[in-house]
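Hello,

Here is the structure for your files.

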Amino acid sequence: METAHRQQAAPGAPTAFARFVLCGGGVGLASSFAVVAVASWMPWVLANALISTVSTLLATELHARFTFGAGRHVTWRQHAQSAGSGAAAYAVTCVAMGVLHQLVAAPSATVEQVVYLSASAVAGIARFAVLRLVVFARHLSQTAPAARAVIACSPLGRGSKAADSAVLCRTA
């Protein structure tokens, strides 16, 4: 029976990474400007928390639909899993900016952007791995049917005869 929601084929790692950089980088770049703008109204740490939350939600949705080829909305579970990597990215950017402000009394907006984007890039690489291998991993849901088909097609699988497995292979 065909379902109304078809999943797209999962892209290979290089394609997924290129899409991740495009989507995540675009959201990250917009976020870096938003943090600077919002930080003029509230403390930087709060501005970063707000922008990080919004950008993580947006990026997770983009990654589900485009980067990792799920072709559908993100589940609440995936949002929750992604939030962990978003929290880690938030911590990395906060530490980087904290170190910058300890080393430079009044850094320029350009220096802040360079530090923020560099920290975001480092966190982004780790985030890609977590999203690809954990949050949007398909191997768990696809392995069981594939393994059953291999077992059914094997003359040794489930104690079946070779003739029976040929019939099962045609129907699998």
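The largest cavity is lined by S32, V35, V36, W44, M97, E112, Q113 and Y116. (On a 1 Å grid over the protein atoms alone, a cavity is a set of points where a 1.4 Å probe fits but cannot get out, and a lining residue has an atom within 4 Å of a point.) About 30 Å³ of space lies in this cavity, and a search of the whole structure finds one cavity of 30 Å³ or more. The lining divides into five nonpolar, two polar and one charged residues.

This is a predicted model: local features need pLDDT of at least 70, side-chain atom pairs count only at pLDDT 80 or more, and totals for chains, interfaces and linings use all residues. Residues are numbered from 1 along each chain as its sequence is written, and side-chain values use heavy atoms, with hydrogens and water left out.

The largest pocket (an open set of points with protein on both sides within 12 Å along at least five of seven lines) holds about 540 Å³ of space. Its lining has 28 residues, with G24, G28, S120, A121 and G124 nearest the centre. Two or more lining residues come from each of α1 (13-38), α2 (44-67), α3 (76-103) and α4 (109-135); helices here are DSSP runs of H or I with at least four residues, numbered from the N terminus. The largest share, nine residues, is from α1.

As for α2, its 24 residues put the end C-alpha atoms only 30 Å apart, short of the 34 Å that a straight helix would reach at 1.5 Å a residue (the expected span is 1.5 Å times one less than the number of residues). Just after α2, G69 has a positive phi of about 70 degrees.

Regards

Conventions: Points joined across faces, edges and corners; volume = space filled by probe spheres on them. Nonpolar A, V, L, I, M, F, W, Y, C, P; charged D, E, K, R; others polar.
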